[in-house]
Amino acid sequence: MTSGPGRLRVGVLASGRGSNLQALLDASARPGYPAEVVLVISDRERAAALDRARAAGVEALFVNPKDFGDREAFDLALVREFTARGVGLVCNAGYMRILSVAYVRAFAGRAMNIHPSLLPAFPGLHAQRQALEHGAKVTGVTVHFVDDGPVDTGPIILQASVLVQADDTEDSLSARILAEEHRLYPEAVRLFAEGRLEVVGRRVIIR
Ligand code: GRF
């Protein structure tokens with residue numbers, strides 16, 4: 001992985017297979033990319049995301065929620081780990097826990113999430129299934145800042161649409177959305193690292 005002064009230090013929270021993390025790791029390795037993933041934390045010891053981080057030479061940490069009395073204490077431990085490594089942006093990439101207000105405040109304007117729908121449609125779990133069950137003709141992907149709303153509510157940074165096909169299953173639709181996720185997340189991080197995102201009320205202006 002190329003490292004260098006002046007690159008934005010990025011922390012990633014991931015609970016599962018980590019394909020979005022991989023997209024960020026791959027972007028970090030590209031010449032001229034202005035950000036680098038420096039720490040990946042998972043709440044699941046066997047998350048494939050941790051293996052992906054290690055394979056890329058990036059520090060990978062399992063933090064066990066059971067070691068903490070409540071969600072806030074756990075989240076504040078995450079804040080400490082990221083802060084200790086000089087992380088300037090934290091990215092949720094398939095992170096399956098709801099973040100406490102304390103975490104969101106600690107990283108206000110510096111935390112992103114990726115969600116597999118065109119928010120505000122279909123927030124929460126199984127967004128692709130929700131889109132199919134609703135009969136949506138178009139769905140997609142959203143990268144947004146994390147705020148302290150219920151779930152998937154923060155200011156929208158980037159979106160990309162995906163057409164729903166008549167014969168789509170949850171798997172086939174998820175796969176096409178995922179391809180867009182892998183393109184969009186590194187792009188959002190790049191815009192942030194270049195200082196080109198300005199939040200004005202609920203809107204994110206790209207400079
Ligand atoms: C992605 O669809 C992401 O949008 C959602 O959870 C999934 C995580 O996939 N939040 P992966 O772990 O990045 O492969």
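Helices are DSSP runs of H or I with at least four residues, strands are runs of E with at least two, and both are numbered from the N terminus.

I am working from a predicted model, in which local features need pLDDT of at least 70, side-chain atom pairs count only at pLDDT 80 or more, and totals for chains, interfaces and linings use all residues. Residues are numbered from 1 along each chain as its sequence is written, and side-chain values use heavy atoms, with hydrogens and water left out.

Entry: salt bridges. I looked up salt bridges (a side-chain nitrogen of Lys or Arg within 4 Å of a carboxyl oxygen of Asp or Glu). The structure has 11 of them.

Entry: helix α2. I found Asp51 bridged to Arg54, with the closest N and O atoms 3.1 Å apart. The two sit 3 residues apart in helix α2 (residues 48-55), so about one helical turn separates them. For accessibility I used these classes: buried is under 20% relative accessible area, exposed is over 50%, and partly exposed is in between (1.4 Å probe, protein chains only). Asp51 is partly exposed at 46%, and Arg54 is partly exposed at 45%.

Entry: helix α6. Here I noted a salt bridge between Glu180 and Arg183, the closest N and O atoms lying 2.6 Å apart. Both belong to helix α6 (residues 170-193) and are 3 residues apart, so about one helical turn lies between them. Arg183 is partly exposed, at 49%.

Entry: Glu198 and Arg207. I recorded 2.3 Å between the closest N and O atoms of this salt bridge. Glu198 is partly exposed at 34%, whereas Arg207 is exposed at 54%.

Entry: network. I also found salt bridges linking Glu187, Arg190, Glu194 and Arg196 in a network.
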